Amino acid sequence: EAQVTQNPRYLITVTGKKLTVTCSQNMNHEYMSWYRQDPGLGLRQIYYSMNVEVTDKGDVPEGYKVSRKEKRNFPLILESPSPNQTSLYFCASSKLAGVVDEQFFGPGTRLTVL
Amino acid sequence: DAKTTQPTSMDCAEGRAANLPCNHSTISGNEYVYWYRQIHSQGPQYIIHGLKNNETNEMASLIITEDRKSSTLILPHATLRDTAVYYCIGKYSSASKIIFGSGTRLSIRP
């Protein structure tokens with residue numbers, strides 16, 4: 001089944017403890033992206049990647065890192081999480097970055113930073 | 001990318017057509033109009049997109065005005081499962097960033 005998977009789905013952690021949220025797609029998509037969703041603010045893009053080894057900042061990149069070493073995976077890294085990073089996170093992918101295309105979204109990761 | 005404006009909320013009776021408007025007065029000539037929806041904190045789901053012509057697929061129809069300053073998403077026979085937040089976004093074909101606004105919360109009445 002074609003899908004975007006994220007792990008973990010739920011995570012409660014403490015300030016400053018490094019964490020990684022994994023994202024994987026099995027559709028051989030070039031483009032992948034991370035979003036966060038907060039009440040009243042809609043979905044905001046954190047980072048995106050147009051292909052392997054190509055990443056760029058979205059609208060809210062502060063406090064996050066990403067890497068794209070292989071096509072299928074696009075992990076989101078929080079080196080020193082803070083409470084303001086408590087949010088619902090979505091990973092998404094699409095076939096090609098440069099054409100009109102739909103994005104497929106993962107199920108979401110609900111992160112709480114205490 | 002064009003800024004889009006949508007009503008905060010709407011409701012519709014089950015079985016009737018749900019018409020969701022979107023204003024995108026700053027849209028440029030090669031920017032597409034996309035619609036996504038999100039059902040209760042699940043990942044957003046693609047619905048439809050269009051450039052100039054009206055479009056229809058198995059989920060919905062998209063009507064774009066001739067001046068392209070606004071569009072309407074039509075769910076022809078709304079069901080309770082269509083209760084969701086609907087997002088209208090403008091996107092260049094070659095752009096990488098996508099900006100989601102606050103969307104329209106659609107409630108379907110039984």
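I began with the second largest pocket and sorted its lining by class: 9 nonpolar, 7 polar and 3 charged residues. For the classes, Ala, Val, Leu, Ile, Met, Phe, Trp, Tyr, Cys and Pro count as nonpolar, Asp, Glu, Lys and Arg as charged, and the others, Gly among them, as polar.

Ground rules I jotted down: this is a predicted model, where local features need pLDDT of at least 70 and side-chain atom pairs count only at pLDDT 80 or more, while totals for chains, interfaces and linings use all residues. Residues are numbered from 1 along each chain as its sequence is written, chains are lettered from A and ligands numbered from 1 in the order in which they are written, and side-chain values use heavy atoms, with hydrogens and water left out.

**Pockets**

I checked what "pocket" means here: on a 1 Å grid over the protein atoms alone, it is an open set of points where a 1.4 Å probe fits, with protein on both sides within 12 Å along at least five of seven lines, and lining residues have an atom within 4 Å of a point. Its volume is the space filled by probe spheres set on the points, which are joined across faces, edges and corners.

The second largest pocket holds about 360 Å³ of space. It has 19 lining residues, and A:Phe104, A:Phe105, B:Gly43, B:Pro44 and B:Gln45 are the closest to its centre. Strand E10 (104-105) of chain A, plus strands E3 (31-38) and E4 (45-50) of chain B, each supply at least two lining residues. Strands here are DSSP runs of E, at least two residues long, numbered from the N terminus.

Next I looked at the largest pocket, with about 470 Å³ of space. I found 21 residues lining it, and nearest its centre are A:Gln37, B:Gln38, B:Val85, B:Tyr87 and B:Arg105. Strand E8 (84-92) of chain B gives the largest share of this lining, 3 residues. By class I noted 7 nonpolar, 11 polar and 3 charged residues.

**Where the chains meet**

I counted 25 residues of chain A in contact with 22 residues of chain B, contact being heavy atoms within 4.5 Å. About 1,700 Å² is buried between them, and carbon and sulfur atoms give 51% of that. Buried area is the accessible area (1.4 Å probe) that two parts lose on being put together, summed over both.

How many salt bridges cross this interface? The rule finds 0 between chain A and chain B. A salt bridge needs a side-chain nitrogen of Lys or Arg within 4 Å of a carboxyl oxygen of Asp or Glu. Over all chains, I get 6 salt bridges. One of them joins A:Lys18 and A:Glu79 (3.9 Å, N to O). These two residues are 61 residues apart and link distant parts of the chain.

Most residues other than glycine have a negative phi, and most peptide bonds are trans. I looked for exceptions. The bond from A:Asn7 to A:Pro8 is cis, with omega near -5°. A:Pro8 sits in the loop between strands E1 (4-7) and E2 (10-13) of chain A. A:Glu53 has a positive phi of about 70°, though it is not a glycine. I found A:Glu53 in the loop between E5 and strand E6 (54-57) of chain A.

Terms used
Helix = DSSP H or I, 4+ residues; strand = E, 2+ residues; numbered from the N terminus.
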